[in-house]
Amino acid sequence: PMNRWTYEPSSSLKMSPSQSHKFLAGFLVLVIAFLLWSRFGYLFNFKPDFVFASLIALSFFLGLLELLFLILLSVFLMNWQPILGVEMMIFSVVPIGIFLFRKIIFPLEGWLSNLVGIVLGLIVFYGLTDLSLALAHYGTILKDIFISALFGFLIFGLFDYFYGEEAASQ
């Protein structure tokens, strides 16, 4: 029987120790990606989409609520305006879509699904936000896709190394 003076959350809301470690590692990855995005863009003469690539890579390992929290946090940090623009909506929807359809759309090996997800996600992002600008600066877009895919590949590799078997069971 439940003591009326204590609150016990339902078992579906409890996180196992490995889930909480995974979430904290994902949070740390997002902080690193945000710092790289905000501080080191001058190295490339543009800001690679490290945060976007991280969210797509993390969508293969985290649960939906954890991913939603990290997406909302990243949208807040990147654009703290009260009204979301089209870019931030697309930025939010693509990782959620990849999370929801990762086993249906991407029945490939995990690392290949991650790379395809990042490349297609960036193509969708640039195509829906401003296609004419993206086509005018296709060299920069290709560099962004390459650098972001490489970063997302590293994140996926680290998470696969530490949490690979757990992610396969989700």
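Buried means under 20% relative accessible area, exposed over 50% and partly exposed in between, with a 1.4 Å probe and protein chains only. The model is predicted; local features need pLDDT of at least 70, side-chain atom pairs count only at pLDDT 80 or more, and totals for chains, interfaces and linings use all residues. Residues are numbered from 1 along each chain as its sequence is written, and side-chain values use heavy atoms, with hydrogens and water left out.

**View 1. Ring pair between F61 and F156.** F61 is buried, with a relative accessible area of 2%, and F156 is buried at 6%. The two rings form a tilted aromatic pair, 4.9 Å centre to centre with 55° between the planes. Rings of Phe, Tyr and Trp (its six-membered ring) pair if their centres lie within 6.5 Å; planes under 30 degrees apart count as stacked, over 60 as edge-to-face and the rest as tilted. F61 lies in the loop between α2 and α3 and F156 in helix α6, so the pair ties together parts that are 95 residues apart in sequence. Helices are DSSP runs (H or I, at least four residues), numbered from the N terminus. Ring pairs link F60, F61, F156, F159 and Y163 into a cluster.

**View 2. Ring pair between F23 and F69.** A search of the whole structure finds twelve aromatic pairs. In one of them, F23 and F69 are tilted, with 5.8 Å between centres and 55° between planes. Because F23 lies in helix α1 and F69 in helix α3, this pair ties together parts 46 residues apart in sequence. F23 is buried, at 18% relative accessible area, whereas F69 is partly exposed, at 43%.

**View 3. The two sides of α3.** Helix α3 has 15 residues and reaches 21 Å from its first C-alpha to its last, close to the 21 Å expected at 1.5 Å a residue; the expected span is 1.5 Å times one less than the number of residues. Its buried residues are E66, L67, L70, I71, S74, V75 and M78. Seen down the helix axis, they fall within an arc of 165°, so they line one face of α3; the arc is that of the directions from the axis to the C-beta atoms. On the other side of α3, L65, L72 and F76 are exposed.

View 4. S92 is found in helix α4, residues 86–105, and counts as buried at 13% relative accessibility. Leaving aside neighbours within four places in sequence, S92 is in contact (heavy atoms within 4.5 Å) with I71 and V75.
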